[in-house]
Amino acid sequence: MNIATPLPRLENLLPPDLDNEHKQLLEGLLQPQACINPKYFYDDTGCELFTRICELEEYYPTRTEAAIFEHSADDISAALVNHAQWIDLGCGDCSKSRRWLQHVTPARLIGVDIAGDFLQTCLADIAHEHPELECIGVVSDFTQRLDLGKLLAEDQSSPPMFFYPGSSIGNFARADALSLLRCIRRHCGDSGQLLIGIDLVKPPPILEAAYDDAEGVTAEFNLNVLQVANRLLHADFEPANFAHQAVYDPVQRRIEMRLVAQQSHNVQLQDVERHFDAGEYILTEYSHKYTTDDFSALLAEAGFHCQHLWTDPQEWFGVFLAEP
């Protein structure tokens, strides 16, 4: 008789009162430059669409990072601390951590993401494949607050190894990226590590195509955030009134994802009405790009030393291993 694998433990670190979350979303939309935090992309539909984006021809970051991981797997795994607590920040479907389990044997796998049901389902698949591995899901908006100290203290013999692939830190302004890196550094103690993927500066046409694919999957992903706003704020956004746009800012070295109003119209946001002129846009995401020197300097400012750096032949993407 087959015995079902128990569902992985799930720790919910989100605030019990979501009113503040809704307030943040509303305040962003009422700013002179309307904006939506990219964390609101990732409802169930958004998670599925992002998985499709990662498979697109134009979206080079996922396959380029994966190629670095595959080519340098032995070197990377040799440089990682043994029997670590593997903490996958923004783990999504956990596919990247799953591949690393061929090369490393962590003491436990801790997946951190904001989508709880999706997270637990993905971790359950890993737990089924690796019954000897303790899998824990943490439902958290770690972009606002990362507090894993109590959880990590459960296994003091195993140092933390933070895994933050995909260049997701590019979504943060520099000051916010530095704040998150400093928080990770505090969690690392004396012997922890950070393995992080960073998208590097490259020609604008390549960058813009990666965020505005020919199939329109990224456009669908971007527009879906309006449906999220409709649910959370009882709003009446009509996605057809907006168009997806991705623009590279060479001064700030970042892609800006926007939803551009196609006509003048009003949107009801709870008990407030917001007017959008034709051509006015909602800013939904920044994606900053770095040089290797710039990111090494940011790590140093956060209290890390860049121990190793691996790149692809074109130097489109960098994988940094940082230690205290």
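**Reading the model**

Q: Which residues does Lys39 touch, not counting residues up to four places away in sequence?
A: Contact means heavy atoms within 4.5 Å, and by that rule Lys39 touches Glu21, Gln24, Ile114, Asp141 and Gln144. This is a predicted model, in which local features need pLDDT of at least 70, side-chain atom pairs count only at pLDDT 80 or more, and totals for chains, interfaces and linings use all residues. Residues are numbered from 1 along each chain as its sequence is written, and side-chain values use heavy atoms, with hydrogens and water left out.

Q: Where does Lys39 lie, and is Lys39 buried or exposed?
A: Buried means under 20% relative accessible area, exposed over 50%, and partly exposed in between, with a 1.4 Å probe and protein chains only. Helices (H or I, at least four residues) and strands (E, at least two) are DSSP runs, numbered from the N terminus. Lys39 lies in the loop between α1 and α2, and because its relative accessibility is 10%, Lys39 counts as buried.

Q: Which side chain does a polar contact join to that of Lys39?
A: A polar contact is a pair of N or O atoms within 3.5 Å; within protein, one must be able to donate a hydrogen and the other to accept it, and residues adjacent in sequence count only if both atoms are side-chain atoms. Here the side chains of Lys39 and Gln24 are joined by a polar contact of 3.3 Å.

Q: How should I read the length of helix α6?
A: The expected span of a helix is 1.5 Å times one less than its number of residues. Helix α6 (residues 116–129) has 14 residues and should therefore span 20 Å, which agrees with the 20 Å between its end C-alpha atoms.

Q: Which residues of α6 are buried, and what do they pack against?
A: An α-helix has 3.6 residues a turn, so residues three or four places apart point the same way. In α6 the buried residues include Gly116, Leu119, Gln120, Leu123, Ile126 and Ala127, and the buried residues of this helix pack against β1 (9–12), α5 (95–100), β3 (108–113) and β4 (134–139).

Q: What is the case for helix α8?
A: The 15 residues of α8 (residues 174–188) should span 21 Å, and the end C-alpha atoms are 21 Å apart, which agrees. Among its buried residues are Leu180, Leu181, Cys183, Ile184 and Cys188, and the buried residues of α8 pack against β2 (85–89), α7 (149–152), β5 (160–164), β6 (193–199) and α11 (292–301). Just after α8, Gly189 takes a positive phi of about 60°.

Q: How many residues does the largest nonpolar core have?
A: In soluble globular proteins, nonpolar side chains tend to be buried together. A nonpolar core is a set of buried Ala, Val, Leu, Ile, Met, Phe, Trp, Tyr and Cys residues joined through side-chain atoms within 4.5 Å. The largest one has 38 residues, and those with the most contacts inside it are Phe237, Phe242 and Ile282. The elements that give two or more residues to this core include α1 (19–30), α10 (217–233) and β7 (242–249), with α10 giving the most, 8 residues. Apart from this core lies another, of 34 residues, among them Ile87, Leu151, Leu180 and Cys183.

Q: How many disulfides does the structure hold?
A: A disulfide is a covalent bond between the sulfur atoms of two cysteines, and the cut-off used here is a pair of cysteine sulfur atoms within 2.5 Å. The structure holds 0 disulfides. For Cys183, the nearest cysteine sulfur, that of Cys188, is 10.0 Å away, and for Cys306 the nearest, also that of Cys188, is 14 Å away. Cys183 counts as buried because its relative accessibility is 11%, whereas Cys306 is partly exposed, with a relative accessible area of 22%.

Q: Where is Phe320 found, and which residues does Phe320 touch?
A: Phe320 is found in strand β13 (residues 317–323) and is buried, with a relative accessible area of 0%. Not counting residues up to four places away in sequence, Phe320 touches residues including Leu194, Ile196, Phe295, Leu299 and Cys306. Phe320 and Ala79 are 241 residues apart in sequence and 11 Å apart in space, C-alpha to C-alpha.
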